[in-house]
Amino acid sequence: MNTATAPLSRTTVTLHWLMALAMIGLTSVGLYMAEFEVWALYPIHKSVGILVLLLAVLRAAWRLKEGWPTPTGQASALQQTLAKAVHWLLLLSTLAMPISGMIFSGASGHGFGIFGLTLMEHRLDPNKPGEVLPLNAGLSELAHSLHSIIGYVLIAAVLLHVAGALKHHVLDRDASLRRMLGRSTP
Ligand code: HEM
Ligand code: HEM
């Protein structure tokens with residue numbers, strides 16, 4: 001049952017921490033590889049990102065079926081609204097980041113796959129040896145910008161989210177973090 005004192009389901013807890021780890025990891029690797037042009041990391045970033053999309057769809061479906069966890073503690077209506085807005089933003093970014101990445105890589109002609117299994121071909125330009133032939137340069141640019149902008153929104157949302165989780169645990173001393181760690185609540 002979904003109440004303030006009932007423990008969260010194992011599915012909610014497992015999906016939360018798997019996704020949290022994957023999203024923080026992919027954001028850090030994405031920023032690092034783009035800044036320092038570490039080409040070897042690109043296929044790994046793409047492969048893990050596509051796998052994350054599968055998990056994100058599962059998680060969004062689970063949320064729609066189960067509803068959101070009931071808030072613990074005595075947070076004001078404003079705090080609860082802010083927390084809910086950040087949760088929506090985080091959940092939507094787990095879908096929007098891999099989708100924008102796939103559109104961007106596909107439309108640019110670079111293609112993508114999952115650890116050697118090609119899902120979209122790398123298109124070489126027959127007239128310019130060594131260069132890729134974009135499928136749709138405008139769409140690729142738009143999706144690239146979205147991938148960056150949503151990435152920065154995601155970083156801000158995660159910082160707010162972690163600050164909120166620590167405030168609940170340390171200052172309010174309520175059970176929200178313990179509950180998300182799979183511990184039972186008093
Ligand atoms: C949850 C999934 C993902 C997250 C959180 C994520 C995050 C990021 C971030 C933060 C950047 C740096 C952006 C910048 O500096 O402008 C980046 C770069 C990149 N991402 Fe992703 N990404 C994800 C999935 C994907 C997928 C599925 C693909 C393609 C199939 C992809 C392709 C790329 C590429 C090619 C870059 C390099 C952009 C450049 O060189 O400017 N990403 N990613
Ligand atoms: C170290 C980092 C993180 C900590 C300490 C943390 C902690 C928490 C806690 C305590 C809750 C329960 C809130 C409540 O009971 O109202 C929660 C919920 C949630 N968190 Fe995180 N979180 C972290 C990272 C992330 C990341 C990176 C994402 C996604 C990108 C994320 C997405 C969510 C979502 C969508 C919820 C709502 C409940 C659910 O759908 O499972 N969290 N988090």
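Which atom of ligand 2 lies 3.0 Å from a polar side-chain atom of Arg 59?

A: It is an oxygen atom of ligand 2 that lies 3.0 Å from a polar side-chain atom of Arg 59, a polar contact being a pair of N or O atoms within 3.5 Å (within protein, one must be able to donate a hydrogen and the other to accept it, and residues adjacent in sequence count only if both atoms are side-chain atoms). This is a predicted model, in which local features need pLDDT of at least 70 and side-chain atom pairs count only at pLDDT 80 or more, while totals for chains, interfaces and linings use all residues. Side-chain values use heavy atoms, without hydrogens and water, and residues are numbered from 1 along each chain as its sequence is written.

Elements giving two or more residues to the shell around ligand 2 include helix 1 (10-36), helix 2 (41-66) and helix 4 (137-171), where helices are DSSP runs of H or I with at least four residues, numbered from the N terminus. Helix 1 supplies the largest share, six residues.

Around ligand 2 there are 19 residues, of which His 16, Arg 59, Arg 63, His 161 and Arg 179 come nearest; a residue is near if one of its heavy atoms lies within 4 Å. The shell comprises eleven nonpolar, five polar and three charged residues, with Asp, Glu, Lys and Arg counted as charged, Ala, Val, Leu, Ile, Met, Phe, Trp, Tyr, Cys and Pro as nonpolar, and the others, Gly among them, as polar.

Notes. Chains lettered and ligands numbered in written order.
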